[in-house]
Each structure stands twice: as structure tokens, then as C-alpha cells.
Amino acid sequence: MKEASSYLGREARVAWAIALKDMQTYYTRPPSLMFGVLFPFSLFLSFSIGRNAPLAQQIPILIAQTLFFASSSIGPVVIPSERANQTFDRFLTSPVSLLSILIGKTLAGVIFGIGISIIPIIIGIAFFRSQITNIGALIACMVLSSVGFSAMGIMFASIPGQSPGQVMMPLNFVRIPLLFISGVYTPVRELPSWGQAGSIFSPLTHTIELARYALGGETFFGPFLNIAVLTMYTAVFLFMGIRFHVMNQRKE
Amino acid sequence: MQTEHTIEALDLTKKYGDLVAVDHINFTVKKGEIFGFLGPNGAGKTTTIRMLTGISIPTEGTATIMGHDIQRQTIKAKEQMGIVPDVSNVYNELSAWENLIFTGRLYDMPKAFRESRAEELLKMFGLYERRREEVQGFSRGMKRRICIAMALMNKSSILFLDEPTSGLDVQSVLIIRDLIQKLNQQGLTIFLTTHNIEEASQMCDRVAIINRGKIAAINTPEKLKRTVKSLQSVEVAFEAASADALKELKELPNVSEAVKTGDKFRLLTHDPASVLASTWNYTQSNNLKLITINTIGPSLEDVFVKLTGIRPATENDNRWADRRGGRQRMDEGRKKE
């Protein structure tokens, strides 16, 4: 028991060290800022300006988009860059499990995602009189979404490549279509039935729904289903990420 | 766990589709020795080191580090080793100090210990004064030293060095070779891959020659040299040799091959004593004046050439004449296996 807790403590400390190093090294890199900050804000502005809906109602969408893009961008920036200069090998030769290495990397994405998504929350409260009516839902939204999307980025980062662009391109093939079925531009309620059926499978739908619920809005699927789906996706992305990285080691 | 061998490879194999990069190799490395892994480009040196250090998963076979299986007891095995890859994989955005401290954190070293160890290593490598500078401003030799310092942070029992001196200036090469010898004298087992035959010959207690994924020979450099007695030679230089000298020397008894290298002639033979005598007679009968005459034993390079079939020279199928140039081409053309 003592041995197990000592092992877990050690793994946690190393994972945290990896996350801190990634934060120090990669947060201000141009691809992180481009895909993690500029991209979601630009997308939001290009689709919200000129629409009839008041901006206050669109704050949950901005929160969800920043969580989605910022969290999922760090892994695809960090891992290919580390592959290129072979620093990723340092982790593989260190006495730490692959799971803890990937948790460390995921954590860097989580903190980035949460940090960036706080900006629209502050903007909403300060300028658009948004009110947080359910802080628990907001925390669940931010934590589950950032972990899930960061793990999604780590999973995509298993694509062999030595530049962030090689991972960002396939990742964007998934991220951008998800915007159209997740209630970003058209609320889920107004989607055709096939669109509604499809939207349940998009994790982004549940992030938007939870953010909307936390700020006093309505959810189509209900907060419990939102939380359940996001939890499931987080587990699936983490599991698949580890599987793919092990497959890479076999191919190495 | 006490074990006689620090590294043990059993039927270690790596396949990439149909290509067998490393083919059922077996070897052991004894505690405290410098073990050289010598081979031409693409022979499987780096692939082997990547399997031994847990970066790559073997297709078949096993490897143990201090008795711990690298696949099944990964953490324990990795705690025992430090690794210097063929590329100095330092974090360019971090300072020298931060690179070492981060390595200490990867090994979960307590704060006070990692800081004192980092200070000790930076002083040892002459980089303490520049510890706060970002590594990206460092020279290649300095980055190499940082990389070795990072590998020594955890006070491991085994140090893996993949082409440690490749591409460095002469001063850095000498510093690193001296350091490797010192570390070995302190009890560290060294596993060294190199394509530099002279380096392997000078530094290693034992050498394994790998070619096309298979181990061609393992022994001490001197014993390996003795296996190719046929490559002994007599080297002779005359003050003024005739244009036909090479042809005439080739026809001397017991000379299997004669090669002109600069102002010298090299006569390959099984029997250096009789060739010495006949060369002396040739000198007398042609009224030549000898400048120098030496018998030369086979070098590790000869063993390497014989076992791998790699012939550094390309012109006139003459492996003696262009040896230096050939070695240089091997250095320049070296790529990651």
C-alpha cells in the first residue's frame, strides 16, 4: 500500500514537472497562440458580428470555443516539436510511465484551455452582464472539456510528424466540422432531426450546453447527459492516446 | 538485484515490415567496462540502443539492464541508466541550469539533491558561469556537454552514448573522450556506439562489430586484430624509387598485395619477416636508399573492413590508398540509422 502510494506520488510529481516545463516552453510559441487563441476568437467574431442574437447570449459559445481550440492545440504543438529535436525521447527513457508522460502533456493543455477560456467569462461578466447561475456546472464544463479536448490533442499528436502543422491539419479536419453540428452557429433545438442525432456525439455540443446552463440558459440534452458524454470522451481520448503512442514505440 | 552483467541482450530483433534492422543479436556487457558498438551506417547501432533504452519496443527478444527487463520492469531498468543520444536533445529554450534541474525532476530527485548535483556537474563541465544562459546560444560542443551532464544527473550505473563525439571540434572530442575514461574509472559502465574505428580501438575494453543487423564479432580490440593476421604488412619508403617499383615489389616472394600510399609502399603479407629480408635484398640489388621500413600489424579498421565488407576506398579498388579520405566520407555521410 505504502509502495503503491509512493509510486503514484512519484508519477504525479513527474507528470507535473512535465506540464510545468511545457507551459514554460510552449505557451508563447506562435502555433500555440495562433491555433489556441487567435483561431477561436477570430472564428467567433466572424460568425457573431452582424447576427441578430445579442452578444451576451453568445458568451457560452465563446467560452466553449476557446476551451475547445486552446486545450486541443497544446499537444499538437508540443509533441511534434519534441519529436523533431528528439526531446520526447527524454521522457521515454526516464523512469516514468507513458501514462504519466501523457497526463503531464494533457495537463499543460488543460491549464492553457482554462486560462484562455476565463477571458470570455470575464468579458461576459464585465461588459455583457452575464451571470454565473450554476458555478458547479461551469467548473464541470471547464474541467471536463479542457481535459477531454487536451487529451484529444494528445491523441492526434500521435500522428507521426515533426512539425505542428502535420498534426494541426488532420486535427482541424475534425475540429472545424464539429462546429457545425454542435450548436455553435445553429442551436441544437433548431437543427434537423439528423443534425440533433449527430450533435449528441460531438463533445463540443456538451461543452456549449454546459456553459449555457452555467450562465442561466437552457440545455437540450440536460446537464447530466452533458457531463456523462464529456467524461466518456475524456476516458476514450486518453485511452486511445496511450494506445497510439505505444503503437508508435513499436514502429520506432 | 546483483548481476554479473549490466546489460544483456537476448535474441534482440527489430523489424520494420520486411526489413530486419536488428536480427536476433545476443551480447552481454560486464560491469565497469567500456563496450563499443561499432558498425557502418545503417548497421543497426542506433536501433539497438533505442531498444536497450526503452525508446523502441523490440519485435522479438529481450534486454535486461542490471537484471531488470526493459519491457517488463521498465521503471527499475530506466532508473539505472543515463542516455546521451546521437543528437544533443537539450531544451534550447531553457537555460543550462533549468535543463539539468528538469532532468532531476524527471528522475524525481529531491530538490536539494538535484540542485547540488546540477551545480557539481556544471562546474565539472566548465559551464557553471553560463548556467543562466539559454542553451540555444551554446556551441555544439557545449550542448554536447550539457547533454552528457543531463545523462549523469541521476548517478546511474550505466551510461549509453550514441556517437558522442560525432561532428564535434577536436577540443570537444578530446574533452569528451577524457571524460568518458574518467567516468569509467569511477566505476560507470559505458555502452558506446560509434562508427569511429580509432575511437573504439582506443577507448573500449570490448568491441562488438555489427553489420546488416547481425553481430559479426565481439572481443577485445587486440584479440579482434589477431583474427586477421593475413593483413600484416611491411611499409617501406625509398629516397628515389623507380617508376616500376610498385610492380617489382608486388612480385617479391610472400607479398600478396602492394599499394603505394604517398611516398611509401605498403606490402601485405602473411610473413612479414621474409618480406623484410626480400625488401632489403631488393634495395641492395637496385642501389636504392631506404628512408624507412616498418612492420605494421592489422588495425581494428582492417578487422572492420574484413568483417563488414565495407571498403573505404573506391578508386582502383585500393583499400589502403584512400583510407583517410574514406573515413572522412563515412563521417560526413553518417546518418541516423
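Student: Into which domains is chain B divided?

Tutor: Good place to start! Keep in mind that this is a predicted model. One part of chain B covers residues 5-225 and the other covers 226-332. Those parts are named domain 1 and domain 2.

Student: How many Å separate the centres of domain 1 and domain 2 of chain B?

Tutor: Here we take the centres over C-alpha atoms. Between domain 1 of chain B and domain 2 of chain B, that separation comes to 37 Å.

Student: Which element gives the most to the side of domain 1 of chain B that touches domain 2 of chain B?

Tutor: In this contact, 15 residues of domain 1 of chain B meet 14 residues of domain 2 of chain B. On the domain 1 side, at least two residues each come from α7 (197-203), β9 (206-211), β10 (214-219) and α8 (221-226) of chain B. By class, that side has nine nonpolar, three polar and three charged residues. The element that gives the most, with five residues, is α8(B).

Student: Which helices of chain B each supply at least two residues of the side that touches chain A?

Tutor: Let's begin with the whole contact: 21 residues of chain B are in contact with 19 residues of chain A. The chain B side is made up of 11 nonpolar, four polar and six charged residues. The helices that each supply at least two of its residues are α2 (74-79) and α3 (96-106) of chain B.

Student: Why is one side of β6 and of β10 of chain B left without a neighbour in the sheet?

Tutor: The sheet is open and has six strands, in the order β6-β7-β8-β3-β9-β10 (chain B), with mixed pairing. From one strand to the next, the twist averages 15°. β6 (81-84) and β10 of chain B stand at the edges, so one side of each is left without a neighbour, as each has a single partner strand.

Student: What is the bridge partner of His5(B) in β2(B)?

Tutor: Strands β1 (residues 5-16) and β2 (residues 19-30) of chain B run antiparallel and are joined by eight bridges. They form a hairpin with two residues between them, and Gly17(B) in the turn has a positive phi of about 65°. The partner of His5(B) is Lys30(B).

Student: Which residue in the turn between β12(B) and β13(B) has a positive phi?

Tutor: β12 (residues 255-261) and β13 (residues 264-269) of chain B pair in the antiparallel sense over six bridges. In this pairing, Thr261(B) stands opposite Lys264(B). The two strands form a hairpin with two residues between them, and the turn residue with a positive phi, about 65°, is Gly262(B).

Student: Are α6(A) and α9(A) roughly parallel or roughly antiparallel to each other?

Tutor: Now for chain A! The axes of α6 (residues 135-156) and α9 (residues 203-214) of chain A come within 8 Å and cross at roughly 160°. Their crossing is left-handed, and their contact has nine nonpolar, three polar and no charged residues. Angles over 145 degrees count as roughly antiparallel, so α6(A) and α9(A) are roughly antiparallel.

Terms used. Residues are numbered from 1 along each chain as its sequence is written. Chains are lettered from A and ligands numbered from 1 in the order in which they are written. This is a predicted model: local features need pLDDT of at least 70, side-chain atom pairs count only at pLDDT 80 or more; totals for chains, interfaces and linings use all residues. Domain bounds come from an automatic or database domain assignment. Two residues are in contact if their C-beta atoms, placed from the backbone, lie within 7 Å. Helices (H or I, at least four residues) and strands (E, at least two) are DSSP runs, numbered from the N terminus. Ala, Val, Leu, Ile, Met, Phe, Trp, Tyr, Cys and Pro count as nonpolar, Asp, Glu, Lys and Arg as charged, and the others, Gly among them, as polar. Two strands pair if DSSP finds at least two bridges between them. Axes are lines fitted to C-alpha atoms, for helices over the stretch in contact, and angles run from 0 to 180 degrees between N-to-C directions. Angles under 35 degrees count as roughly parallel, over 145 as roughly antiparallel, 65 to 115 as roughly perpendicular and the rest as oblique. A crossing is left-handed if the near helix is turned anticlockwise from the far one by less than a right angle, and right-handed if clockwise.
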